[in-house]
Structures are given as structure tokens and as C-alpha cells.
Amino acid sequence: MNTMEKFNEHVMGSYGRCELVIEKGQGRTAVDENGKRYIDFGSGIGVNSLGYCNEKWVEAVCAQAHELQHTSNYYYTRVQCDFAERLAAASEYSKMFFGNSGAEANECAIKIARKYSFDKYGKDAQRNVIITLENSFHGRTMATLSATGQDKFHNYFFPFLEGFENVRANDIDELKAKLDGRVCAVMFELVQGEGGVVPLNQDFVDAIFEECEKRDILTVCDEVQTGVGRTGALLTSQLYNVKPNITTLAKGLAGGVPIGVCLADEKCSGVLTPGTHGSTFGGNPLACAGGLAVLDTVLSEGFLEEVTKKGEYFRRKLSDIAEVDGVDGAGLMLGVRLKTKKAGDVLKECLENGLLILTAKEKLRFLPPLNITCGEIDEGMEILAKILTK
Ligand SMILES: *Cc1c(COP(=O)(O)O)cnc(C)c1O
């Protein structure tokens, strides 16, 4: 039996996997079992933000492994302190809670939103509804699945959680009509990732913040995919010129070590009191060390400007391909509408030809490492253009 067959003997079939066994990687190149090389335009799913085995990141994580790999959250650690201090300063949030994934970060946000209203308006007010957007994606746990605004996710696992209602993205009138006295929060992605790389309109985002402010409803921004430099700013909310009460981060934050963070502003950073929330692995020292290496790099002089420039370069190269109908997204988070070809078929052909890409809905999706070079973009784009031009 080969690796894939053995793997499938023992690992549940919850993913439709590609036929590829990745053995190692360096920079923006992955290497499979047979030594074949692949340019990586996906970074996992936007996780390996500094590429494979970035030297600074490896050093930080290994040094931490030699010192302390874990302790319970009943104790303090220096590395969690340093990481929190750095992230708070850069993100302009006063406080945060550490978990291990995007779903966990969003679970924390949901709990804060509900308890904020419970504490302030009382249990009887039942001010607990969270408005999310159609076509959103917030995770795979029961609460985050319930929050996700796509019907195809609301099957099999009944009953789903109550208290989540959807509004069409960019429909200001529907949003206003839904914001009644039962609502405690509005939760949204600024660029819907799994939904097909769909950015929200500025005036809709402005309306969310205006209307929520008037009614003491919390704004919860899911930046699990868009955050940490992906779109050319540390937070995509900075590009939209808004400051959500809560922002969640995960995927690229620690460069490949599992992490999730829920950032909260002064209004709601005191909601979680001892015993109300927790996570055994949350704030893991290896994750915090990896996160510090990512922040050091992403916040270094000129790095984010480079992401923006490379995003524009990437976008221009894509637009030059005749089969491309349009490019959506921001920075190095890009979705491509195709004229005639099927995204899934293109992905397979790319794989055969040494290029890793992603899809989202009917689009091709690109989330390359943030430190990819223009030369590497050219190299991957040559493979892609050939396939799309065939
Ligand atoms: C990936 C993703 C999640 C879920 O993150 P996990 O780490 O898989 O739990 C949540 N929200 C958004 C926007 C995502 O892209």
C-alpha cells in the first residue's frame, strides 16, 4: 500500500483530498514524496504566511521548544505576554483571548457578544441574536456552523444553535430591518473567503458600524483569513477605516502553528471573567513564538507595502490571461472568475504541472505566502497561463 492508501485506512474521509503527499518544503516550494517540486500559491489555506520553514520562524519555534513547550493557563508565561503585548500594540486592541483555531476564536467572539448583552440587559431581555451574512463562513464547530450563512452547511447535524439570522451582504435596508431589540452582535468577513473571495462594499460596512453604534450592538469582524497582512494591512478593517468591537484572527497568524485569537476593545474586553471561558492549549508557547516571528516580519519596514505591490502585480498577471473573466479580492487574497473552464479541473492540472492553487466556489483562489517574490509569481503564473490557454 502506498502512503495515500494507508492514510485512508486510518484517517476519516472528511476531506476530498488531492493526490499529493507533501514531504517537505522550503520557501515558496513544496516537495512531494518523489522529489517533485511545486510552487505554492495557497500556503495551506493562507496559513504558511512566511512560506515553508522560514529561517527566523524555525529558529523562534525551535528555541521555544527547547525552553518550554506548554504550561496550563493557570500560570503565566513570558512568551504569551510578549506576543500579546506586540499584537495589542500593532492591532490597537486592548485585550485578547487565545485559542487554537479560527472556529475557536469565533466561538469566543460569540460568547463575548452574548454575555455582553446578558450582563448589561439581563437574562429576560433575551438580547442574544447574532446577525451574520449570507455566503459567509465562520467555522465547523456547531456554533460557528450555525453562524455560517450558507445552506449547504446546515445539514446532517441537527439541531443547529438558535439565535443566528442572516442578512444579504451589501443590502443596507435588510440589515436595518433586522437590527431589532433581540440583536446583540453583527458578525461578518470583510472579504468573504470560502464564499468565493467577495469583498463587502464600503457603504455597507459603514452602515453596519453606524447602525450598531446607535443600538449598542457589537461588531464582530472575522479576519481569520483576511488578517495579519493578507490584504496589505495588518487588519483588513484598517483598509475599510473601521474599528470592530471584536476581531478574530487565526490562519496566518503563527506561520503554521495552530493558533486563534479573539481581540476585544474596551467596550467588551472585560466580559469574560474567571471560569466563563477557557482552552487547554490556548496561548501555547510554540504558537506564541511562531506568532512573534510572523509579526516581526509582517510589521517590518516596508513589508505590508510590498504585499500590496505584489498583490497588484499578481492581479495584473492574472488579468492578462484571456480565459480570466475578472479578479476579485485585495492584496494577496485573490479570486479569479473563469470564462469557460471549471476551477476544480484547473486545480488538478496545476497540481500535475507543479503548482499548488486553491478554489473557492466557482473561482480559482490564491493565498500565496506573503513573502513570495515577483520571480516566483512569474514562475507559477507561467504554469497557470499555459493551462488556462490550452
Ligand atoms: C478558515 C476560516 C475559519 C475557520 O478556521 P479553522 O481554523 O478552520 O477553525 C473561520 N472563519 C474564516 C473567515 C475562515 O476563513
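This is a predicted model: local features need pLDDT of at least 70, side-chain atom pairs count only at pLDDT 80 or more; totals for chains, interfaces and linings use all residues.
**Notebook: ligand site, pocket, sheet and backbone**

Residues are numbered from 1 along each chain as its sequence is written, and side-chain values use heavy atoms, without hydrogens or water.

I found an oxygen atom of the ligand 2.8 Å from a polar backbone atom of Ala 103. A nitrogen atom of the ligand lies 2.7 Å from an N or O atom in the side chain of Asp 222. Of the 380 Å² of accessible area that the ligand has on its own, the protein covers 81% (Shrake-Rupley method, 1.4 Å probe).

I then listed the residues around the ligand (a heavy atom within 4 Å); among them are Ser 101, Asn 106, His 138, Glu 189 and Lys 251. The shell divides into three nonpolar, six polar and three charged residues, with Gly counted as polar. Helix H5 (residues 102–121) gives the most to this shell, with three residues; helices (H or I, at least four residues) and strands (E, at least two) are DSSP runs, numbered from the N terminus.

**Second largest pocket**

I read a volume of about 1000 Å³ for the second largest pocket. A pocket is an open set of points on a 1 Å grid over the protein atoms alone, where a 1.4 Å probe fits, with protein on both sides within 12 Å along at least five of seven lines; lining residues have an atom within 4 Å of a point. The lining has 31 residues, and Asn 73, Gln 80, Met 96, Phe 97 and Phe 98 lie nearest the centre. I counted 16 nonpolar, 14 polar and one charged residue in the lining. Helix H4 (78–91), strand E4 (95–99) and strand E12 (260–264) each supply at least two of the lining residues.

**Sheet**

I traced an open sheet of four strands in the order E1-E2-E3-E15, with mixed pairing; two strands pair if DSSP finds at least two bridges between them. Strands E1 (22–26) and E15 (355–356) stand at the edges with a single partner strand each, so one side of each has no neighbour in the sheet. Ile 39 stands opposite Leu 355 in E15.

**Backbone**

I noted a cis peptide bond from Phe 158 to Pro 159.

Terms used:
Grid points are joined across faces, edges and corners, and a volume is the space filled by probe spheres set on the points. A polar contact is a pair of N or O atoms within 3.5 Å; within protein, one must be able to donate a hydrogen and the other to accept it, and residues adjacent in sequence count only if both atoms are side-chain atoms.
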